[in-house]
Each structure stands twice: as C-alpha cells, then as structure tokens.
Amino acid sequence: MAQQYVVMKMGKELYGAPVMQVVSVERMMDITPVPRTLSFIKGVVNLRGTVTPVIDLRERVGLSATERLDSDAMRIVIVEVDTMLVGMIVDSVEDVVTVDESQVSAPPEVVGGLRAVYLHGVAQLDERLLVLLNLNRILSDVEVDQLREVEKRVHG
Amino acid sequence: MDISQYLDSFLAESEDNLATLDDLCLALERDGASDDTLAAMFRAAHTLKGMSATMGFMAMADLTHHMEDALGHIRNHPTEFQPSVVDTLLAAIDALTANLDQIRDRGSEEGIDHSAILQRLAAVVETQNSRSVEGSSEAGPPVAFRDRVAEILRSGREPLVIQIAFAPECTMKAVRLLMVERAVESFGECAAVYPDVQALEADADASTAYLAMLVAHQDADALLTAIREISEITTAVVVELESIVSASGEREMNQARQETAATVAVATANETPAHHAAAPSTGGKVRDQTLRVPVSRIDEFMNVLSELVIAKTRLELLAQRGDHALREVTEQIARLTSSLQDGVMQMRMMPVESLFQRFPRMMRDLQKTLGREFEFVMTGLETEMDRTVMDEMGEALVHLLRNAADHGLEPPEVRERNGKPRKGTIRLSAYASGGHVYLEVADDGAGIDRDRVLNSAIGKGLVDERSAQNWTDAQVYDLLFASGFSTAEKVSDISGRGVGLDAVRGKVESLGGDIRVESVPGQGTTFVIELPLTLAILPAMLVQLDNYIYAIPTGSVEEVARLSAEDIDSIQEQPVYRYRDGVVPIVDLGDRFFDAPCRGDYPWNAVICKEGKRRLALIVDDIVDELEIVNKPLGRYLGQVEMFSGATILGDGRVALIIDVRQLF
C-alpha cells in the first residue's frame, strides 16, 4: 500500500511525515517560550486562534542544533496526533512524495540520535534516504511525561 | 433508514427523559399519586418508549412499555398506591439508565437482561389488580370522577356531566374521545374526563366515557348536538348530578380532600383539553423553543470569535491613522464584536438545575443507606453558570452533600434527645452576586466540634498543640481542608475516605474559586463555594519579563508596588518584603523562569499576590496593563507544565502565558 509523506529537511537528512497527519505548513512565527519545560519544546504559537505547542524536530530526533543556514526556508509543520495539535520546526519542507510500502525497510537500530521505536522505517528516495517518522510515538504525551521526569531527576 | 446519525440526540434526549422520570418518582413518593405527576411520567415514559423503539433498541422499549403498564395501574387505582412501588420504578429507571449507557458505549443492547426488573414491574400490576375492587366502568363513572364532580360542586359551580357511548364497531376510541374534547372546547372548560385518552388507548373494551363540563346549562343541547355529530359516537346524554354524587355517597365527600383523583382532571389552570391532546408527545407545558448544539461547536465559535477580537484590535490601530469613515466603521465593528462576545458567553451559561437534578435521588438513597432522616431542599435552580465550571463542580458537590448527610447531621435519636426535630434539613442553594456564583451546602446538624477537630489535627501532627490554643474558630475550621484530614469517628462508605475536603478545595481553587465553612455549634454547618461566573474570560494583569508578556489573573493580585532598598529585608539570605504588619517572600520571576533575575537597580516592580492567607511579591521587569483576557488551554502536550494555567492571545496576535500563582508558593 502506498502512502504519501511530506518530506522535511533537517541538515542534510530527509524526514517524512505521513500526509494524513499533517494539518498545515506554516512560515516561522513568533514563538512564546514556556519556561521550565523540556528543552526541545520551544514554546507556543498562535495558530489562527488556537494556542499550539511547537517543538524543534531537530532536537527531538537528536540532531545537533547547529546553526541553521537559511532561516527563511524554515517551516513549522503542524501535525495532528491523537486529536492533539503540535507544531514541528524543520529546516525546510521539500516536497510530498508517494512511498510504496514495499520500498520501506525496517529502520536500523539508531538513525541519527533517534531510537528505532520513533521510526516507521526507512525508504530509498532517488539516491537519498527518507527517514519515515512515527509521529504518534514522537509526540506521545506519555513519552513527554517520562522525559520530563528524567529531566527533573537530572536537574533536581 | 440509517439511524446512526440520530444516535446522539437519542442519547441526549433519553437521558433527559430518564432524569425527568427520576425527579417525578421522588415527587410521587413525596406527594402521592397526583394526576399531574402521573401524567408527566406518562409523557416521559411514552417519549422514551417511542424513541427507543424507533432506534431499534427493543430491550429498552420493552422495559419502558412495562413501566407504562405499572404507571397505568397506579393511575387507575390511586387509592391502592403504595410508596414502596416507587422503589420498583426507580429500579426500572436505573435499569434503563444502564441500558442507555451500554448503548452509548457499545452501540448495542447485546447481553442486556431485564427479566428481574420486569418481574418486579409485573408484580406491581398484579398486586394492584388483586386489590382492585372497583375497576369496571360499566356501572357508571368511578369514584375519582365522582370526587371531582363533588369537588366542583363544593366550589359552588354546577358541572354538566355528559355520558357518551361509542359505537361497538369503533376501533379508535381514543381518537373519537379526542374529537369530542375538541368539539366541546368552544363551549367551556372541560373539568374532568373518564377514561382519559391514554387509558382508552389501553382499554379496548370501554364502551362509555364521561365528561364534566363547566358550561352554562342552556348550552347543553347545542353541546350534545355537537358531540353527536362526531361519527361512531352513538349517544350523548346529560347525566343527573344526584345520581353521580349520591351514588358516591358520604365517604367520597370526606375523602375527596385527602385522596387524589385518578381520573385525569384535564382542565387545570394551564392545561386545556387542546394541550392535553398533544401531551403524549410534546409535554404539557409550553416551553421555550430550544436547540441542541454540541458544546464543541460553541467552543469553536468562541475560538473564531476571539480571533475576530484580535483582528478588531489590529484594525483599531490601523484606523487611528486612517480617515474619519474608516474610524467610524471600525467603531461599529468593535461594538458588534463585543455584543457577539456577550452572546456567546451567554450561550455557554446553563442553569444549575442541570447539575442539581441528580442530587434529590442521591440524597434519597443516602437517607436509606445512612439511616439519617432529612429534608433535602434545593433553591436557586435557575442560577446560571458557565458550563465548564459547572461540569467540574459535580463531584465536589456530591462530596459536600454526602458529608452533610453523614457527618453534618446527627442520627435521628440524638437529634430528638437534643430537642431538635427528628428530621434534619440539608439545603443546597445557588445564587449569583457581583460577578461570582455561590453554591452553598448547609445542614442543621451539630456544627463543627472545635475541640475534636483540633485534637484530631494534633494527633495527626498537622498542628502543634501550643500554637493551636489561640487559634480562631475560622482557623480551626480551615484545618478540615488540610490534606489527609478526616474527623469521622468511623470511616464509612459514604465519606470520610480521607480524600475528603482537601480534594474539594483543590478543585474549587483550580477553577479560580474559593471555599469557606461557617458553623454554629448545635445549629449546623454551611459550606460556601464562590466561583467565577465564567472561566473563559477573566480579568488579568499583564506584566513584562524580558521581551515577553505574562498574564496574572487579577483574582490572585492584591496590589502593585515599587520596592526600594529600605522595603527589603532578608531572612536566611532570602529577600523578603516588609508588607503591612508582616513580611512577604520575594520571588524573582526572571530567576524562576529563565535563571535570569530581573532585579536590577531599585525600585523593583512588584506584584503582591495572595493565595488564601499566603502572600508573595513577584518581581517583574514591567507592569504593562490590566484587561480582560480569553483563557485558552495549553493542551495535553503541555498539560503538565507547572506554573501556568493556560494562555491567551494578545491584541498583536502574540501568545501570553497565564501564570498560576498557586504554583509559585
């Protein structure tokens, strides 16, 4: 079965988010930081009247938060997971592609800093690899709670 | 027919009808088998039956049908009415509620078995039947009808009693009777009918019917002619009054006052025969027309509206630079926006009745389980409250009411020994005053025993013995809300489970409200909950920190101050502010939020916040404004974030977090 993915670029790598879960792609906007929360949670934005949390996908997937070269290309990809809206900051949004399930192979144990459980798989796209994200897992609030606990223990 | 799209409204309406039946059962128990109550029960049960049958939920329709049978027997034999029947009816309502719950959860009635309750209902019908001695209508109208006639006579009026007979081949007698009622309507009031339309529907063997009309007697001939013109009515004759009243004899004359008539007296003050005809499906009273709108739709509307408010604010800024015409239009838009806003807020308000309606049943059951005796009185049912606030308050009220019944009131014997009426009173009231809604739970029990509370608190190590001696009563009562505190001598199923009043206080405070307790020894205890009218819009103070704006709900703010060096002291190296006759800890918000203190050169901008009796001085970069803000949830993803209760969108479209002052202590 074929599925469509929104191709997002971070650094040199390509990540795919299922089109079904993507609500919209926004230009960067004013982000209000939320103090004392996980570092990859950048804050909240006003998404047409709804207060929506925004995370840095780069940090969430464990890429180093290196200098972004072209900040004008940066986008916030708004996804809906489990009736919950979350925005993900990415370096740029490239394209929408159709990936057949047969093209998808199981993810290697670690891709970048991202554990395999956060991935749906890896697909070959032309000459490049497209890492397909498991958004439900990445954005699960339970997961976030656990991370928060860990962070608390570390920082006291 | 695809019925699934009607499921939601079926569920909602059936819930309403069950709640109505529940209420009416209690009325039945309290006031006896009155016509009005039974008629209203019939209407609710009938609607329920019709709707569930249409939806194909046959178990439910069948049970409702048998419930109607039981109701029918109660109505036809009012003198046999036993309050214990109410238990059976309530059990049937419970079974229907469970049935409805399953339909909601699983979409089917699979595995539902009502046989036990059906048997109980059948038993009601049988006992009433076996006791019944005067069922047949062939020997003239029944006692109840005669009583009604006698009653009219006593009031100084002379009714015209008409006997009509249906043709033997008449199959739709109820319809004919309705036509008769319509026909006589123009002549005058119809004070009593026997049998009434519903009874006639059930009883195919009835061949005659009686009407008691309040009309001028010279109209009698015209009236009879009008009736005879209706097809399948064979005769219509005037019945001598003496034959009715004397036949019923002295006994009825005396009993008429105490007994409630079973024959439906159609013409009460607000119910005319025409209304009665429509009654089975629409209810007897004229109600406001209402629309059912999903709450989520109103919330969406509210969201759009708050965006409109923001856009309007921007437009106002632009218009200042524009010409006169633009300014005029902008002003008009501003006015329209604010009336729209008022309108939506109004839509979110609901009378507390919808919250309170389940309590009478609960309190009735409590009397039985706890062995307490009390009246349960509710007032201010029409008081309106924001729906979200109300939804949150349900559990807290349940707790306070149980508490009042279990701990507040003394056992009946103790009350009698203390010279109080055996029956206590528990009062639940609601009223609005000055931007707040108040909910009160009051009992006329023993009041709070100061010493017992203190001893218990000392025993639990909540207070130390010496410092507690000079405490005021209010301070002592406040201990009841302390976490893990319960003075119940024996922990019962009902309350005193230790999750008690501290949970109630937590809930109330999380809604921006306040709870306090008043008590007079020997006279009773009153819990007073004060809640904001709405949660969606609240007045707030905007403060600036770094480049960001934060909102502090005005309810938490005591005052704003500029602190200079001489206002500041230090206790254990922590800065404190000398305020009134004490000291207030200083919290630097920049420090707290970003590890970047905003205390620089004096003076410091401080917001003195209060929470209960505690105070804090929050140091911020700047104090910007005070205005009404729209409270928006942060959502589940950030749900556990401490220190913030929500966010709002400012006039320039940016988001400002709302500080939850309680979390800063």
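Start by selecting B:Ile162, which stands opposite B:Val238 in strand E4 of chain B. Strands here are DSSP runs of E with at least two residues and helices are runs of H or I with at least four residues, both numbered from the N terminus. This is a predicted model, in which local features need pLDDT of at least 70 and side-chain atom pairs count only at pLDDT 80 or more, while totals for chains, interfaces and linings use all residues. Residues are numbered from 1 along each chain as its sequence is written, and chains are lettered from A and ligands numbered from 1 in the order in which they are written.

Next, select residues 160-166 of chain B, strand E1; six bridges join E1(B) to E4(B), and the two run antiparallel. Two strands count as paired if DSSP finds at least two bridges between them.

**Helix H1 of chain B**

Move to residues 7-31 of chain B. This is H1(B), with 25 residues, reaching 35 Å from its first C-alpha to its last, close to the 36 Å expected at 1.5 Å a residue. The expected span is 1.5 Å times one less than the number of residues. Which residues of H1(B) are buried? Among them are B:Leu18, B:Leu21, B:Leu24 and B:Leu28, along with B:Ser14 and B:Asp22. A residue is buried if 20 or more other C-beta atoms, placed from the backbone, lie within 10 Å of its own, exposed if 12 or fewer, and partly exposed in between. To see what covers these buried residues, show helices including H2 (35-54), H4 (84-106) and H15 (359-370) of chain B. Just after H1(B), B:Gly32 takes a positive phi of about 85 degrees.

**The cores**

Now select A:Val77 and B:Ile552, the residues with the most contacts inside the largest nonpolar core, which has 79 residues. Such a core is a set of buried Ala, Val, Leu, Ile, Met, Phe, Trp, Tyr and Cys residues joined through C-beta atoms within 7 Å. Strand E12 (537-545) of chain B gives the most to this core, six residues. Apart from this core lies another, of 38 residues, including B:Val352 and B:Phe376.

Return to B:Ile552: leaving aside neighbours within four places in sequence, its contacts include B:Ala540, B:Val607 and B:Val661. Contact requires C-beta atoms, placed from the backbone, within 7 Å.

**Where the chains meet**

Finally, show both sides of the contact, 21 residues from chain A and 26 residues from chain B. On the side of chain A that touches chain B, the elements giving two or more residues are strands E4 (41-47), E5 (50-56) and E7 (84-90) and helix H3 (141-155) of chain A. H3(A) supplies the largest share of that side, four residues.

Definitions and conventions: Two residues are in contact if their C-beta atoms, placed from the backbone, lie within 7 Å.
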